[in-house]
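Work through each task yourself before reading its solution.

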Amino acid sequence: CNKKDQCQKKAKEFCDLCLKPALLDYVHKHLRLEVIENFQNSDNYKQYHTFLLKELLEEGVFENYLQYIKNYEEYAKKVKLADVEKYCLSKIVKKVKPVVKSAKEENVTGKVFEPFDKFFDISKNDIVISKESLGMILFLNQENISQFADNILYYIDEMVKDLVSQFEENGSVEEKLSNLPIKPQNELFKKVFGCGKQCPFCKVLCEARGDGHTEHWAEIHHPKGLSSPCLELKTDVCSTIVNSKAQFSNSDTKGTFYPYKYYRDYYPNWKIAGDSSIQASDYWKYVFAKFNEKFAEVCDALKADIPADWNRSTQEKAMESLKA
Ligand SMILES: [Zn+2]
Ligand SMILES: [Zn+2]
């Protein structure tokens with residue numbers, strides 16, 4: 001039993017002192033590369049955006065939606081970076097585990113160092129493990145490599161869980177990256193999200209691609225009323241409103257009312273295609289109906305008059321509409 005404990009202790013030390021720093025180092029080095037390689041084409045923008053909306057829907061937390069709408073850039077950067085980190089980690093763990101497993105299958109009795117020598121050969125291009133600290137840990141003859149490898153596999157899983165929650169924690173990510181010469185989250189944002197401008201009325205993100213485009217637009221706008229200030233939430237989308245006689249007032253108009261029809265007087269760089277047939281997507285119908293009260297509270301406004309069919313919308317339908 002003593003021996004078993006010893007074996008576990010060694011495996012944990014190996015993971016904590018050798019493997020963990022090596023993996024973290026790998027993740028840091030590869031972040032920027034992943035960002036650039038994988039998010040260069042604009043299809044990825046749509047994919048990523050859909051991924052974000054899906055995640056929001058699954059979590060179903062109002063505050064997350066609020067953050068998404070009010071400050072999309074911050075929201076996307078935060079989530080995205082943790083995702084890339086998780087992705088990098090899973091990539092290297094996928095390489096490390098089979099090496100440990102093969103050491104286990106060989107089931108050599110004798111010095112533990114020998115089968116693990118292979119470990120360095122295979123992993124040396126990806127991760128750097130200090131042989132010195134390893135030597136200190138593996139100085140004992142291990143009678144049962146198989147048991148040792150099993151323990152390592154167990155602690156790898158534990159370590160991954162730890163690291164993932166570390167990635168997801170706010171702040172720690174920023175801290176880790178502050179040493180990098182180029183901030184990957186900014187680079188990524190530029191590549192994936194284009195200009196990052198939001199519709200002045202509904203806060204939907206500009207979908208125009210290419211550096212230096214002069215006109216911002218989006219195919220489908222959110223239901224209005226998610227931007228403040230307003231007296232009463234509205235379910236109309238911008239495309240309908242700019243075709244109507246309605247008026248808006250906000251800090252840009254210094255509180256005076258101005259016809260939506262002439263929105264370009266205030267926002268010359270936005271092009272909102274006027275089309276009264278365009279409705280909110282099933283996704284936003286569901287979200288808006290579900291959180292009507294909360295949105296109203298936050299905007300200090302009256303609840304919106306939700307059309308009957310919006311109230312019938314379901315999470316499944318919302319999810320469906322993302323696939324379309
Ligand atoms: Zn809009
Ligand atoms: Zn734009």
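**Exercise 1.** Find which loop holds Lys-203, then say whether Lys-203 is buried or exposed, or in between.

*Solution.* Step one: Lys-203 sits in the loop that runs between α9 (184-193) and α10 (238-241); helices here are DSSP runs of H or I with at least four residues, and strands are E runs of at least two, numbered from the N terminus. Step two: count neighbours. Lys-203 is partly exposed because 17 C-beta neighbours fall inside 10 Å; buried would take 20 or more other C-beta atoms within 10 Å, and exposed 12 or fewer, with C-beta atoms placed from the backbone. Step three: check the backbone. The phi of Lys-203 is positive, near 75°, though the residue is not glycine. Most residues other than glycine have a negative phi.

A word on conventions: this is a predicted model, in which local features need pLDDT of at least 70 and side-chain atom pairs count only at pLDDT 80 or more, while totals for chains, interfaces and linings use all residues. Residues are numbered from 1 along each chain as its sequence is written, and chains are lettered from A and ligands numbered from 1 in the order in which they are written.

**Exercise 2.** Describe how α11 and α14 pack.

*Solution.* First the geometry: α11 (residues 282-290) and α14 (residues 315-323) have axes 7 Å apart, at an angle of about 145°. Axes are lines fitted to C-alpha atoms over the stretch in contact, and angles run from 0 to 180 degrees between N-to-C directions. Next, the partners: α11 brings Asp-282, Tyr-283 and Tyr-286, while α14 contributes residues including Lys-317 and Leu-322; contact means C-beta atoms within 7 Å.

**Exercise 3.** Which residues touch the most other members of the largest nonpolar core, and where does that core lie?

*Solution.* Among its 27 residues, the answer is Cys-199, Cys-202, Cys-238, Val-242, Tyr-283 and Val-287. Such a core joins buried Ala, Val, Leu, Ile, Met, Phe, Trp, Tyr and Cys residues through C-beta atoms within 7 Å. Helix α11 gives the most, 5 residues. Both domain 1 (2-191) and domain 2 (196-323) supply residues, so the core lies between them; the bounds come from an automatic or database domain assignment.

Note on methods. Contact = placed C-beta atoms within 7 Å.
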